[in-house]
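Thanks for coming, everyone. Please have a look at the model on the screen. I'll start with one term, then walk through the structure.

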Amino acid sequence: MIHIEKSTAVPVILVTKGELETSSLCNLYSDNPEGYSNGTVKFTMNNAVFGHESVKSQLIAEQHGKCCFCESDFRATSFGDVEHYRPKGGYKKTSEDRQLNRPGYYWLAYNWENLFFSCEVCNRREKKNYFPIIHEMNRAVNHTHDILVEQPLLLHPSLDYPEKHIRFNQHVPVALDERGKVSIEGYGLGREELNRIRERHYWAVMHSLILAKYDPISMSEELKNELCEELKQPWSLLELAIFNAKKMVQNAAKSDQPFANMVRSNFPELSKSR
């Protein structure tokens with residue numbers, strides 16, 4: 001998880017239809033606060049607005065195609081979700097809660113700052129409606145309350161700098177403070193299958209660093225032959241491998257690359273090429 005630089009250019013549909021939908025939701029709540037608060041009446045959200053292609057495509061572009069939480073690029077195998085940082089229809093104060101607390105952050109359902117692109121595992125299986133804050137007495141329970149006093153425990157992808165709270169020991173996430181700990185658990189950043197993928201990427205970067213130390217232009221023929229003999233590969237393939245290794249080393253720590261926080265944590269020297 002890294003800091004996401006989010007554009008101030010809000011998708012048009014959120015400004016037009018989104019604001020109308022938000023106004024309607026707020027009016028509905030004001031007409032029946034008890035019903036919406038106890039869950040006997042529930043809001044209907046318009047997925048065609050916050051999930052509109054223009055919204056999703058802008059999120060994908062600004063996040064370089066990566067999940068806002070786990071930093072994986074998963075688009076070859078799934079569509080991904082438009083994720084609400086603050087849950088729109090109900091929330092859980094703790095991971096043990098069995099029922100949702102209503103009414104949720106309905107007034108932020110179409111709020112650009114509250115929307116991100118997430119993989120389906122992080123969103124649907126891990127975070128879901130989980131949204132703990134430091135002091136429950138500061139919870140914003142309707143649109144007349146101020147969310148700025150809440151002090152969320154989950155890291156916000158664009159308002160926070162996750163690298164200050166979460167680092168990596170090789171491929172395993174390590175919390176630097178309580179918010180880092182809650183975010184690793186809440187977003188499922190330490191899940192086994194994700195660790196496996198990160199481990200492969202870690203070693204790919206490590207191997208690239210080793211190969212990238214070779215310079216095909218200045219290498220002697222003797223050294224080339226020794227390398228070919230040691231690795232049992234022709235020079236044409238090794239030269240290409242060295243070229244690709246140099247390219248990976250140059251780019252691995254950049255924000256548009258997968259698992260950038262992990263790379264920066266383990267290979268701080270690569271951050272200079274960002």
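A residue is buried under 20% relative accessible area, exposed over 50% and partly exposed in between, with a 1.4 Å probe and protein chains only. This is a predicted model, where local features need pLDDT of at least 70, side-chain atom pairs count only at pLDDT 80 or more, and totals for chains, interfaces and linings use all residues. Residues are numbered from 1 along each chain as its sequence is written, and side-chain values use heavy atoms, with hydrogens and water left out.

Now histidine 171. Is histidine 171 buried or exposed? Histidine 171 counts as buried, because its relative accessibility is 14%. Histidine 171 sits in the loop between strand S3 (166-169) and strand S4 (172-175). Helices here are DSSP runs of H or I with at least four residues, strands are runs of E with at least two, and both are numbered from the N terminus. Contact means heavy atoms within 4.5 Å. Leaving aside residues up to four places away in sequence, histidine 171 touches Asn195, Arg198, Glu199 and Met262.

The whole protein next. It has 11 helices and 4 strands. Of its 274 residues, 47% are buried. Among contacts with a separation of 6 or more, 68% join residues 24 or more positions apart.

Helix H10 (residues 235-251) has 17 residues. Its buried residues are Trp235, Leu238, Ile242, Ala245, Val249 and Asn251. Their cover includes helix H8 (192-212) and helix H9 (221-231). A general point on spacing: an α-helix has 3.6 residues a turn, so residues three or four places apart point the same way.

On to the aromatic rings. Rings of Phe, Tyr and Trp (its six-membered ring) pair if their centres lie within 6.5 Å; planes under 30 degrees apart count as stacked, over 60 as edge-to-face and the rest as tilted. How many aromatic pairs does this rule give? The count is 13. Tyrosine 36 and phenylalanine 43 are stacked, because their ring centres are 4.1 Å apart and their planes are at 10°. Phenylalanine 69 and tyrosine 187 are stacked too, with centres 3.9 Å apart and planes at 15°. That pair links distant parts of the chain, 118 residues apart. Phenylalanine 69 is in the loop between helix H5 (53-62) and strand S1 (81-84), and tyrosine 187 is in the loop between helix H7 (178-186) and H8. Phenylalanine 69 is buried at 1% relative accessibility, and tyrosine 187 is buried at 0%.

Key. Expected span 1.5 Å × (residues − 1).
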